[in-house]
Amino acid sequence: MKVLFLDVDGVITHQHYEGKEREGLDPEKIKLIARIVKDTGAFVVLSSSWRLSYDQQTGGKAWDYIILENCLAEAGIEIYDITTRIPFSSSLGWRRTRPLEILDWIVEHKVNSFAILDDDEWDFARYGLDKHWVQTSSEFGISTLDTRLATNLIENMKFREDWN
């Protein structure tokens with residue numbers, strides 16, 4: 001299974017985008033995500049804090065999640081799933097929760113190829129995920145270079161092989 005773990009803020013929203021009517025979701029940046037999905041056949045799994053606006057148990061969606069879902073759908077992108085929130089604990093440290101949430105999802109779904117798009121460093125290296133991480137610019141969002149890097153990771157770097 002090929003997966004693109006997607007953060008929203010700093011990837012498809014960014015500091016220089018002026019269009020606030022769609023919660024700051026830049027359609028040009030969404031097109032870059034669509035290119036990755038089209039070129040790789042990857043499933044999109046939301047690892048962003050935006051996922052907290054969707055209640056998996058009830059199916060309830062807050063307005064911001066609905067806007068995100070609709071904007072992605074306009075570009076032909078479906079949110080396949082979201083990572084499960086791991087509550088913060090002082091012993092775990094807040095910078096370590098996102099990698100653990102991604103690892104949990106990977107193990108649960110037998111992922112063998114993936115990329116992580118995120119503008120923040122979440123201590124990915126501690127968990128061996130740094131080789132799969134493409135750091136985008138919070139100022140400008142995802143770039144065409146980031147798109148090529150993520151596509152290459154999904155197509156050429158197998159998780160099970162490099163996890164040794």
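User: Which residues are linked with Asp7 and Arg98 in a network of salt bridges?
Analyst: A salt bridge here is a side-chain nitrogen of Lys or Arg within 4 Å of a carboxyl oxygen of Asp or Glu. This is a predicted model, where local features need pLDDT of at least 70, side-chain atom pairs count only at pLDDT 80 or more, and totals for chains, interfaces and linings use all residues. Side-chain values use heavy atoms, without hydrogens or water, and residues are numbered from 1 along each chain as its sequence is written. The network joins Asp7 and Arg98 with Asp118.

User: Which residue in β5 stands opposite Asp118?
Analyst: Strands pair if DSSP finds at least two bridges between them. β4 and β5 (residues 133-135) pair in the parallel sense over three bridges. Opposite Asp118 stands Gln135.

User: How many residues apart in sequence are the parts tied together by Lys2 and Glu155?
Analyst: The side chains of Lys2 and Glu155 meet in a salt bridge (2.9 Å, N to O). Lys2 lies in strand β1 and Glu155 in helix α4 (residues 144-156), so the pair ties together parts whose separation in sequence is 153 residues.

Note on methods. Helices (H or I, at least four residues) and strands (E, at least two) are DSSP runs, numbered from the N terminus.
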